[in-house]
Amino acid sequence: MNRGLICKKTKEKIPLQSIKVNAEITGYTAQVAAVLGYKNEGSNPIEAVYIFPLDEQAAVCGFQATIDGRTIVAEIKEKEEARGDYDDAISSGHSAFLLEESDESSDIFQMNVGNLPPNESATLQLKFVTELEVDEENGTVQFVLPTVLNPRYTPVDQQPSISTEIPASSVAKPYSFEFQMNVKSGSAITEISSTSHKLCFQPDPSDNCHASVTLAESHTFRRDVEIQIKSEDPFVAHALVEPGLPRPSDAPEDKTRGLAISTEFLQKPVAMVNFVPAFKADDLTCGEFIFVVDRSGSMSGSRIKDAARTLQLFLKSLPDGCYFNIVGFGSSYKTLFSKSKTYNDETLKTATNHAAHLAADLGGTEILEPLRWVYSQSLIEGAPRQLFLLTDGEVGNTAQVISLVAENASTARVFSFGIGDGASTELIKGVARAGHGSAEFVRGQDKLQVKVIKTLKRALQPALTDVALSWALPDGWKLQEVQSKLPPVFKGERLIAYGVFKNLNNDSNAKGIGHATVKATLHEGREAKHIENTVKFVLLPSQENSLVLHRLAAKRFISSSQSALHKQDIIQLSKTASVASKFTSFIAVDSKSHKPVTGAMVRKVIPDSISQRINYSPPAMIDEDDWEKEEAQPKSPPQKSSSSMKSLKQKLMRRKAEAKPCAPRPPLPRRAQCFLPSPPPPPCEYQQSAPGASSDKLMTLVDLQKACGSWELTDALAACLNVSKDVLVNAKPQSTPDLGSDIWATVLVLVWLSGKFFNRKDEWEMIANKSKRWLKSSLPSGVDYGKLMGDAFHALEI
């Protein structure tokens, strides 16, 4: 279904007619320009409101409007001043355009088109820059253009989310969507693919680091645009330097020392340094692992099924002897155990039984109270606490959740997972950042199981701490860094930091060579290892440039300083760098237009095309028989949509709209090609099974494993291996009479996994590693492990 605007009184069509997107990818950064075409086809002037998502790291840095052949470039002002100018303009008969970050969340933006006369067209251009995520295992650069915004559940004692303002309705004429991407990689491009769309790809015949990409099919707005770029050498530490703009001859001398209050920010060079520290470390052998899983109504269907199977893999992958617990949440929450329990066969059986019956039956999405319960639990000596938060990220009190995690960062690491297109990037990334963990997003054909197990592997490894960055600059230069405190770094993870530099002689032609060095500490037990890495960079004379790094550095500073204490500094930097913040907005007024409003101006809400409507089920009663402890909060009915738009100043009240309750590809050829999106995996048979049952043999094997990592040679195991139990018993090597049946069964399973499920190794690798550790401690003296594996190979006829 297309989602669009229906006018309350006139039932007119949506005025948004087209969107054109151009993305320029340079290394690990993206500069994106989106052009939106509007036309008021009605008989009254309209005020259109467009609500759309952006990644929380994106810096909105440009906005302009073209109407009746005139282009008006927006300026950035304090938010209240901009709203006042907007209200005054449209009440005076001028067309006006307002773009601002939502008050509730940094990953939701709102655009207002005010007083667009009948039969008039307007073209709006929005620009933003963003850092790109990199897969730490294969170095693939991930570009995601969000096109899905889900309504976010808000607790009853708070103002409803702006995302609930979006009406869901069919339109006869959906707007068009065009997409163009130009890629400039730091090394030869080896693959460009997409998990969401078919692509047309055109390599540059003269430069294997350059390519252009378009969509080979219509964009249906059912999911985000996702493109993966792989190059030959993605992990090399490097620095990018962007020179400052030429200093105006009549500009006064900048005597300020702080970065934020400097009015010459754009005249100073900026360096972006990228490190991927390499180190080896032993896995943790003990810990407390708490899986906090969203069981709200919005998780129903395939999401909760994936969560259930992932939880089973997660449980089987935990190290023997650790502590664990499971917390499910919605409008209420409940815990599997009253406190974390030791991981053994008995507790594992209870947990896997629970996972098999996991249901999305707890109503809305309230994360705050279950997290408070987790943090209220006593810590276990010698068992570092690790939280795994799995949610579709549809909440309206994001700031409170992140603040709670930050307050408890010294007692627990938090790893977060955003499920589905539209999950809040501010929530998922913000929680992980505050909790010194990492964030993952599961979109489209991504496998939740793979990402959770990958993150568990990361959680079992110690991270680099005490991360510090030092700069060696040539004579005459001074550092004004952006981020003084750097986060912990996990193995394979990329660290990005920025430096802003000032020439002490105000010489715009000065240049020189500098060095950036990152130092960190790796703690293994009582030992501490020190890691160090250095990159060289060149400071260049001032020149005109795109200012991508300047805007990203400004966004980094603004994001790390958004509090009342830094408000004026943020406003100054926001205006200087032309980057939107929660205190500022872009405002454009067409002062040459003067068409007084003679009829009632109609408010139209233009949603993101397929912003999902979630119908929350009423919270289910908690079955006390299933739980050792119940932690129920007062249940509330589903949150209704609000009819007010809080982004408009209340001094001029207007009419309000009704709110309605894959295998690697070969190197790229030197010609244009169309690539299909990565083929979807075959549907898992377990999704058709009754709760607790499974016809997926991998999952059946997982279910049969004991907490210590071993298997018993049972009829059920033999059935999974497609060999009778008698045959397997007789195949056991007779040369080792004291070889236990559990050892033989475990070796058989390890051989079977490698031979039959190699393409799903990401799912069973940690389970197998636990089995190997058990075998190492259980094998009789003198037994040749390699020969034993060979005997199992022949017994299974693989």
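**Exercise 1. What does the accessible surface of the protein chain come to, and what percentage belongs to carbon and sulfur atoms?**

Solution. The model is predicted: local features need pLDDT of at least 70, side-chain atom pairs count only at pLDDT 80 or more, and totals for chains, interfaces and linings use all residues. Residues are numbered from 1 along each chain as its sequence is written, and side-chain values use heavy atoms, with hydrogens and water left out.

Step 1. By the Shrake-Rupley method with a 1.4 Å probe, the accessible surface is about 33000 Å².
Step 2. Carbon and sulfur atoms hold 49% of this surface.
Step 3. Among the 798 residues, 56% are buried, that is, under 20% relative accessible area (1.4 Å probe, protein chains only).

**Exercise 2. Determine which residues of helix H9 are buried and what covers them.**

Solution. Step 1. H9 spans residues 567-577; helices are DSSP runs (H or I, at least four residues) and strands likewise (E, at least two), numbered from the N terminus.
Step 2. Its buried residues include Ile570, Ile571, Leu573 and Ser574.
Step 3. The cover includes strand S6 (75-78), helix H8 (548-560) and strand S31 (584-590).
Step 4. Serine 578 follows H9 and has a positive phi, near 55 degrees.

**Exercise 3. Describe how H4 and H5 pack.**

Solution. Step 1. The axes (lines fitted to C-alpha atoms over the stretch in contact, with angles from 0 to 180 degrees between N-to-C directions) of H4 (residues 368-376) and H5 (residues 398-407) form an angle of about 10 degrees and lie 10 Å apart.
Step 2. The two helices are therefore roughly parallel, the term for angles under 35 degrees.
Step 3. Leu368, Leu371, Arg372 and Tyr375 in H4 meet Gln400, Val401, Leu404 and Val405 in H5, where contact means heavy atoms within 4.5 Å.

Notes:
Buried means under 20% relative accessible area, exposed over 50%, partly exposed in between (1.4 Å probe, protein chains only). Angles under 35 degrees count as roughly parallel, over 145 as roughly antiparallel, 65 to 115 as roughly perpendicular and the rest as oblique.
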